[in-house]
Amino acid sequence: MKDLAYLNKFFYKYRWRLIPGVLFVVISNIFGILPAQVIRVAFDLVEENISVYHLFTGFNRQGLIYDIFGSSLLLFGILVLLLAILRGLFLFFMRQTIILMSRHIEYDLKNEIYEHYQALSLAFYRRHNTGDLMNRVTEDVSRVRMYLGPGIMYTINTVVLFVLAIYCMLTVNVRLAVFSVLPLPLLAVIIYYVNNIINFRSEKIQERLSSLSSFVQENFSGIRIMKSYVREASVRKKFEAESNDYKLHSMSLARVQALFYPMMLLLVGISNVIIIYVGGVEVMKGNITPGNIAEFIVYLSQLTFPVMSLGWVTSLIQRAAASQKRINQFLSQQPEIISPTDAPQKVEGAIAFKNVSFIYPDTGIQALKNVSFTALPGEMVAIIGRTGSGKSTIANLILRMYDTTQGEVLVDGSNIKSVNLVDYRHQVGYVPQEVFLFSDTIANNIAFSADVKDMPAIEQAARDSAVYNNIIKLENGFETLIGERGITLSGGQKQRVSIARAIAKHPQILIFDDCLSAVDTRTEEEILNNLGRIMHGKTNIIIAHRISTIKNADKILVMDNGEIIEQGTHTDLLNLQGTYFELYEKQLLEEEEPQKLD
Ligand SMILES: Nc1ncnc2c1ncn2[C@@H]1O[C@H](COP(=O)(O)OP(=O)(O)OP(=O)(O)O)[C@@H](O)[C@H]1O
C-alpha cells in the first residue's frame with residue numbers, strides 16, 4: 001500500500017476535482033436512501049387505506065377514498081422517480097469529477113514515465129526487454145488508474161452508503177438491522193476470493209494472448225523466409241497449439257464467471273428471505289410496520305452492489321499497488337548519462353580518445369583496450385577492422401551513449417562528461433550500422449532532427465546522399481510513406497535516406513558506421529565527394545570494411561580485438577606491410593577475380 005502513496009501528489013494537484021467528487025458521492029447516496037423511506041410511508045399508507053376502504057363498504061364515500069388513495073400513491077410514485085433522477089444526476093457529477101480526475105492522473109503518470117524512459121541511457125534498454133517497458137506505460141498505468149478512479153470512487157461510495165443505510169436501519173429496528181446485514185460480509189469475502197481467481201486466470205489469458213500475438217507478428221514479419229522455406233503447414237500447427245492454449249485458459253475463466261453470478265444472487269436472495277422472515281416476526285410483535293420490511297428490502301438492494309464492489313475494489317487496490325511498485329522501482333532508476341550543464345555550448349568538433357578502455361556494463365565484454373587517437377575539424381578519420389573489433393563501440397563513446405571504463409574522451413579539449421550533452425548531440429550526425437527509419441514519409445524521416453520541415457534543405461540532403469533521383473521517381477516523391485504501411489525501400493536506398501537524415505542537420509561531427517556497405521562503389525564515390533564539400537572544415541569519422549571507401553582519409557585506424565594495431569594514411573599503412581596491407585591485397589584480389597571471369 002505504501003507504494004500507492006506516490007500518487008498522493010496527484011490527489012493534491014487535482015483536489016478541486018476530488019473534493020467536489022466526494023461531495024457528490026454523499027449527495028447521490030442521500031438520494032439513494034430517501035426512496036426507501038418514501039416507499040415505507042407509501043406501504044403503510046396502502047395498508048391503512050385498505051382498512052379504511054373496507055370500513056366504508058356500502059357507503060358512497062368509498063369511491064372518494066379510492067380516488068384519494070390512488071392520487072396519493074401516484075404522488076409517492078412521482079417522488080420516488082424524482083429522487084431517482086436526482087440521484088442519477090449526482091452520480092453523473094460524481095463520475096465526471098472522480099473518473100475524469102483518474103484520467104488526468106493517468107495522462108500525467110504516462111508522461112512522467114515516458115519522460116523518464118527517454119532520460120535513461122542505452123545500458124538500461126539493454127537490461128530490459130521492450131515488452132516489459134511497454135507494459136509499464138500501458139498495463140501498469142491502467143491498473144493504477146483503476147485504483148485512482150473506480151477504486152477510490154466505489155470505496156467512498158460504499159463507506160458513505162453503509163453509514164447512511166446502517167444508521168437508518170438501526171433507528172428502525174436493531175434486531176432486523178443486524179439480521180439483514182449478516183450475509184453481507186460473507187458476500188464481500190466470497191467476491192474477494194472469486195475475484196482473485198478471476199484476475200489470476202485473466203492474467204494467464206493475457207499472457208497467452210501476448211504470446212499468440214508475438215507469434216503471429218513474428219511470422220508475418222518473417223513471411224518471406226517462411227514461404228521460401230515452405231514452412232506454412234508447420235507454422236499453422238504451432239499456431240493451432242498456441243490458439244488452443246488460449247482457448248483452454250479462456251474456458252477455465254468462463255467456468256468461474258459462470259459460478260460467480262448465481263452465487264451472488266443466491267446470497268442476496270438469502271438476505272431478502274431473512275429480512276422478510278425476521279421482519280414478519282417483528283411486525284407480528286408490533287415492533288415495526290410492514291412498510292419497514294419494504295424499506296429494508298430497498299436498503300438491502302442499495303447495499304448489495306457496494307458490498308460486492310468492496311471485494312472487487314480490495315483486489316483491484318492490491319493489483320494497483322503491485323503495479324505502482326514496479327513503476328516506482330523504475331522511476332527511481334537514475335540515468336547513468338546526464339548532462340552536467342544546461343549552459344549553451346558551441347562545439348567545434350575536435351575529438352580525442354586518451355587511453356580509452358571500455359567494458360560493456362551488462363555483459364562484461366571488453367570492447368576497447370587502451371585506445372588513443374584524435375580527429376580534428378577538417379579531418380576524415382577512418383576506422384577499419386574485423387567484425388567485433390570495437391569500431392561501433394568507438395562511435396557509441398563519441399556519442400556518449402556510454403561513459404568510458406578507463407581513460408577519457410575529449411571534445412574540444414574538455415572531458416566529454418563536462419560538455420552540455422544536448423548541444424553536443426545536436427552537433428553530431430550519426431548514421432548507424434543498422435538502418436532505422438520511422439513509418440512516416442521520406443521527407444519527415446530526413447527532417448527528423450529539425451523542428452520545422454525545410455523542404456529545400458531536405459532535398460539538398462537527399463541530393464548529397466545520392467538518393468534524390470530515386471525519391472522523385474516514386475509516385476508521391478518525398479511524401480511517400482515508408483515502413484509498415486508504406487513502400488519498401490531497397491537496402492541501399494534506406495542507407496542513403498539514413499545518411500540524408502544525418503547530413504540534413506549540418507552537423508559539426510559526422511559519424512558513418514559502416515553505412516555504405518549496401519551502396520555500389522560508384523554511388524559511394526559520389527557520396528564521399530559530396531561529403532568532402534559539405535563537411536569541409538568539420539570532423540568526419542567513417543567506419544568501413546572496404547578499403548575503397550576510406551583510402552582517401554586523412555587518418556586510418558586499423559582495429560583488432562579492441563585495440564588500434566596500425567594507424568596512418570593509406571600510403572603509410574601500405575608501406576608498413578602489416579594487417580592493412582594484407583587486407584588491401586585480399587580486397588584487390590576479390591575485385592580482380594570477377595574481371596578475370598568476364
Ligand atoms: N551493447 C552491447 N552490449 C554488450 N556487448 C556489446 C554491445 N555492443 C557490442 N558488444 C560487444 O563488443 C564487442 C565490439 O563490438 P562492436 O560492435 O564495437 O564491433 P564492430 O567492430 O563494430 O563490429 P562490426 O564490424 O561487426 O560492426 C563485440 O564483442 C560485441 O559482442
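Arg400 is found in the loop between helix H11 and strand E4 (406-411). In this predicted model, Arg400 has a positive phi of about 50°, although this residue is not a glycine. Arg400 has 20 other C-beta atoms within 10 Å and is therefore buried, the threshold for this class being 20 or more. A positive phi of about 50° also occurs at Asn370, again not a glycine. Asn370 belongs to strand E2 (residues 366-375). With 14 C-beta neighbours inside 10 Å, Asn370 counts as partly exposed, because this class lies between the limits of 12 or fewer for exposed and 20 or more for buried residues.

Spanning residues 391-398, helix H11 gives the most to the ligand shell, with three residues. The ligand has 16 residues around it, of which Tyr360, Thr387, Lys391, Ser392 and Thr393 come nearest. Divided by class, the shell contains nine polar, four charged and three nonpolar residues.

An open sheet of six strands shows mixed pairing, in the order E6-E7-E8-E3-E9-E10. Its edges are formed by strand E6 (428-431) and strand E10 (563-568), each of which pairs on one side only. On average, neighbouring strands of this sheet are turned by 15° against each other, with direction ignored. Within the sheet, strand E3 (residues 380-385) and strand E9 (residues 555-560) run parallel and are joined by five bridges. In this pair, Ile384 stands opposite Val558 of E9. Helix H16 (residues 491-504) packs on the sheet, where it touches E6 and strand E7 (509-513). The direction of helix H16 makes about 175° with that of E6.

At the level of the whole protein, the division is into domain 1 (2-331), domain 2 (347-427 + 509-569) and domain 3 (434-506). The centres of domain 1 and domain 2, taken over C-alpha atoms, are separated by 60 Å. Five residues from domain 1 and four residues from domain 2 make up the contact. On the side of domain 1 that touches domain 2, the residues divide into two nonpolar, two charged and one polar.

Technical notes:
Residues numbered from 1 in each chain as written. Predicted model: local features only at pLDDT ≥ 70, side-chain atom pairs only at ≥ 80, totals over all residues. Near = placed C-beta within 6 Å. Helix = DSSP H or I, 4+ residues; strand = E, 2+ residues; numbered from the N terminus. Nonpolar A, V, L, I, M, F, W, Y, C, P; charged D, E, K, R; others polar. Domains from an automatic or database assignment. Contact = placed C-beta atoms within 7 Å. Pairing = 2+ DSSP bridges. Axes fitted to C-alpha atoms, helices over the stretch in contact; angles between N-to-C directions.
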